[in-house]
Each structure stands twice: as structure tokens, then as C-alpha cells.
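Hi everyone, thanks for making time this morning. I'd like to walk you through one structure, so let me put it up on the screen.

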Amino acid sequence: MGKVQSIDRAFTIMDAISASDLGITELAERVGMPKSTVARLVKTLVELGAVERISPGSTYRIGPRLSGLSAGRGRGVELVARARPHLKVLADELGEDAGLAVPDGNRVHYIAQEDAVNNVVVRDWTGTLLPMHVVPSGLVILAHWPPDQLDSYIAADPESYTRFTVTDPRLIRKRLKSICTKRYAWVMDEFVEGISSVASPVYDGRMRVLGAIHVHGPSYRFPGSSDRDAIAALVVEAAERVSIALPADSGHPGRR
């Protein structure tokens with residue numbers, strides 16, 4: 001019964017927040033619950049991405065994960081359909097697997113992959129959710145987040161996955177600044193040692209980031225002796241072609 005009651009209370013809180021942005025005290029009064037209970041439930045909802053804090057104040061609103069549930073699937077299907085031909089071209093041209101990812105709260109969600117014909121096959125990452133900072137698809141999305149949301153992500157102490165994972169806040173910010181200029185990111189061995197990847201953002205008609213196109217492969221051959229900038233240029237071009245192919249009123253499936 002305790003879990004059912006918590007779910008009922010959580011929905012009551014989200015229903016109140018959906019009507020207007022509220023602080024903990026106002027929210028407790030509105031829903032008729034103890035302030036400590038509301039604070040605990042809101043903290044959990046924030047961690048799940050269902051509710052987000054409006055910085056620098058102390059009020060809360062419906063979060064990106066909840067607001068995107070009803071519309072996100074339809075937009076995701078359309079995005080995959082638009083991207084699939086370009087992923088195939090990338091996979092054929094570079095000889096490595098190409099994929100599409102979208103933001104999902106504080107994580108990046110891989111929603112499509114086109115496999116290259118190669119002797120050494122890297123696993124299909126479709127359906128996987130990963131922290132933003134350990135993969136290039138997540139980094140190019142992070143680079144376009146509003147400052148307050150980025151601050152919250154970095155303040156949560158990003159986890160290290162390998163000895164190469166960049167977790168230092170100063171280095172992360174420096175990296176994201178470079179990404180905004182170059183429009184691509186390389187990650188070498190930071191999520192899994194032995195796997196390298198490059199990604200570029202996909203934009204909607206209002207230049208908001210919908211997701212990212214990426215190519216990944218074994219580090220010993222990708223990029224290998226090839227020119228990293230030349231490979232990245234192909235990925236950027238593919239992402240731009242997907243962006244152009246999207247309708248001008250395409251909705252945003254993630255955090256922004």
C-alpha cells in the first residue's frame with residue numbers, strides 16, 4: 001500500500017505543478033500534504049526527470065521526460081525515418097556503424113543504428129540509455145543546454161566509466177565550448193575502452209537540438225590513421241541533411 005500511496009501522491013503533485021509553477025511550501029498547501037513529504041517526492045521526481053527546478057528560484061515545473069512521453073514516440077519515429085538513409089550512407093562510406101540518439105532527461109537514448117559490413121562487429125546500441133558526458137552524442141546535446149541545466153548536470157558529479165572519462169567540470173565546460181564552435185565531438189575510450197565515436201547535432205526548424213548522428217568503431221581502426229576532421233565533416237554533413245529534411249515545426253523530444 002505504501003508504494004501505491006506514493007504513486008498517488010506523486011501524480012497529485014505533478015497535477016498541481018502542471019497547472020502552475022510552484023515552490024515546495026505552496027505545493028504542500030495546494031495538495032494538502034506535509035511539507036517534508038512533498039519535498040521528498042519532488043526530489044525523486046526531479047531525479048527521474050518528471051519535474052525540474054526553475055533556477056535560480058525555488059519553484060518547480062513539469063520536466064522534459066514527462067512532457068515528452070505522449071509526443072516523444074511519434075517524433076522519434078519520424079526522426080528515425082528521416083535519418084535512416086543518411087545513417088546508411090555514413091556506414092557504407094566510413095565502414096563503421098552509424099546511429100541516431102536523442103536526449104532523455106539527463107541521459108542520451110540510442111534509437112536507431114545502421115550496421116556497416118565489417119569483419120569486426122561492434123554491438124548494436126539501439127535502446128541503450130547512457131549519461132550525456134561519456135559519449136559524443138550526449139556531449140553535442142549538452143553543449144546546447146541552457147546554463148542552469150548544464151550547471152545542475154555538472155554539479156551532480158558525472159561518473160567515470162574508464163580511466164579516460166572526462167569528469168572534471170572545468171574540462172567538460174571547455175570541451176562543450178569547443179563543440180559549439182566545431183559542431184562535432186570525438187570521444188576515445190571514455191565509455192568503453194577500445195571504442196571510439198564521433199557525433200554531430202541534429203536541429204529542428206528553430207535551431208533547437210533534437211538529437212545527434214554518430215559513428216562508432218573499434219579504436220584501433222577508427223579513426224586509425226584517417227583524418228579525424230575529415231571523418232567528422234562527413235558526420236556533420238549527414239546531421240545537417242537530416243536537419244534540413246525535418247519539417248520546420250518539428251517538436252523537440254528532449255530537455256529543451
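Let me start with a question: which residues have the most contacts inside the largest nonpolar core? One thing before I answer: this is a predicted model. The residues are Leu79, Leu100, Val198 and Ile213, and the core they belong to has 27 residues.

Where do those residues come from? At least two each are supplied by helix H5 (69-94), strand S4 (97-104), S8, S9 and helix H9 (228-245). H9 gives the largest share, with seven residues. There is also a second, separate core of 26 residues, and it includes Tyr110, Leu142, Ile154 and Ala212. As a general background point, nonpolar side chains in soluble globular proteins tend to be buried together.

Let's zoom in on Val198. Leaving out residues up to four places away in sequence, its contacts include Pro136, Tyr184, Trp186 and Phe222.

Six strands make up an open, antiparallel sheet, and the order to follow on your screens is S6-S5-S4-S9-S8-S7. At the edges you'll find strand S6 (129-131) and strand S7 (185-188), each pairing on one side only. From one strand to the next, the twist averages 30 degrees.

Inside that sheet, take a look at strand S8 (residues 195-203) and strand S9 (residues 209-218): they pair in the antiparallel sense over nine bridges.

How values were computed. Residues are numbered from 1 along each chain as its sequence is written. This is a predicted model: local features need pLDDT of at least 70, side-chain atom pairs count only at pLDDT 80 or more; totals for chains, interfaces and linings use all residues. Side-chain values use heavy atoms; hydrogens and water are left out. Two strands pair if DSSP finds at least two bridges between them. Helices (H or I, at least four residues) and strands (E, at least two) are DSSP runs, numbered from the N terminus. Axes are lines fitted to C-alpha atoms, for helices over the stretch in contact, and angles run from 0 to 180 degrees between N-to-C directions. A nonpolar core is a set of buried Ala, Val, Leu, Ile, Met, Phe, Trp, Tyr and Cys residues joined through side-chain atoms within 4.5 Å. Buried means under 20% relative accessible area, exposed over 50%, partly exposed in between (1.4 Å probe, protein chains only). Contact means heavy atoms within 4.5 Å.
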